[in-house]
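Here are some notes on the structure you sent over. They are set out as numbered points so that you can check each one against the coordinates.

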Amino acid sequence: MQERVATCRCGRVQAVCVGEPVRVSVCHCLDCQRRTGSAFAAQARWPEAQVTLSGVTKTWVRVADSGRKATYRFCADCGSTVTYEVESWPGLTAVPIGAFADPTFPPPKFSVYEHRKHPWTMVLGDDVGHSSLH
Ligand SMILES: [Zn+2]
Ligand SMILES: [Zn+2]
């Protein structure tokens with residue numbers, strides 16, 4: 001089975017992801033903008049049993065406007081978020097695509113929170129789903 005390894009910038013935290021991701025998306029929401037420091041975020045999701053996180057992480061829980069919680073796990077040394085889980089996607093672990101540092105990673109199929117999209121950002125192709133779901 002395909003195995004991919006995501007790491008933080010300093011390399012002390014790793015997430016080993018087994019199998020193909022069940023969802024790959026970009027998100028334009030304001031929280032993702034702040035988390036990544038970028039204009040939008042790109043992430044992939046696997047069933048939680050297929051992701052193994054190692055290294056010293058810190059955890060931060062954010063309560064969204066909807067009341068749903070999101071739990072972010074990031075390197076205690078360099079601060080990169082390596083995995084996170086959101087209550088709206090139970091049983092799935094999300095990993096920022098950039099943590100794989102792999103330009104051949106499967107492309108996103110969904111683009112969400114587009115009402116927060118910066119007007120200059122790229123438009124994904126017609127085969128990409130657009131929705132307001134996170
Ligand atoms: Zn690190
Ligand atoms: Zn978002």
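**Notes on the predicted model**

1. V18 counts as partly exposed, because its relative accessibility is 26% and the class of buried residues ends under 20%. Keep in mind that the model is predicted.

2. V18 is found in strand β2. Leaving aside neighbours within four places in sequence, V18 is in contact with M1, Q2, E3, W46 and Q50. S38 lies 20 residues from V18 along the chain, and the C-alpha atoms of the two are separated by 27 Å.

3. W46, one of the contacts of V18, also belongs to the largest nonpolar core. This core has 16 residues, of which A6, W46, V95, F100 and F105 touch the most other members. Strands β2 (14–18) and β4 are the elements that give two or more residues to this core. In soluble globular proteins, nonpolar side chains tend to be buried together.

4. What does F100 touch, not counting residues up to four places away in sequence? The list is R4, V5, A6, C17, W46, V95 and F105. Among these, A6, W46, V95 and F105 are named with F100 as the core residues that touch the most other members.

5. The second largest pocket has a volume of about 290 Å³. It is lined by 16 residues, and those closest to its centre are T36, T81, P96, G98 and A99. Two or more lining residues come from each of α1 (30–36), β4 (41–47) and β8 (81–86).

6. Which element gives the largest share of the lining of this second largest pocket? Strand β4 does, with 3 residues.

7. On the overall fold, the protein has 1 helix and 11 strands. From the N terminus on, the order of elements is β-β-β-α-β-β-β-β-β-β-β-β. The radius of gyration is 14 Å, close to the 14 Å that the globule rule gives for 134 residues, so the protein is as compact as a globular protein of that length.

8. Taken along the principal axes, the C-alpha atoms fill a box of roughly 35 × 35 × 25 Å. Of the 134 residues, 38% are buried. Among contacts with a separation of 6 or more, 52% are between residues 24 or more positions apart.

Notes. Residues numbered from 1 in each chain as written. Chains lettered and ligands numbered in written order. Predicted model: local features only at pLDDT ≥ 70, side-chain atom pairs only at ≥ 80, totals over all residues. Heavy atoms only, no water. 1 Å grid on protein atoms, 1.4 Å probe; cavity = no way out; pocket = protein on both sides within 12 Å on 5 of 7 lines; lining within 4 Å. Points joined across faces, edges and corners; volume = space filled by probe spheres on them. Helix = DSSP H or I, 4+ residues; strand = E, 2+ residues; numbered from the N terminus. Core = buried A, V, L, I, M, F, W, Y, C linked by side-chain atoms within 4.5 Å. Buried < 20%, exposed > 50% of the residue type's maximum accessible area, 1.4 Å probe, protein only. Contact = heavy atoms within 4.5 Å. Rg over C-alpha atoms; globule rule 2.2 N^0.38 Å.
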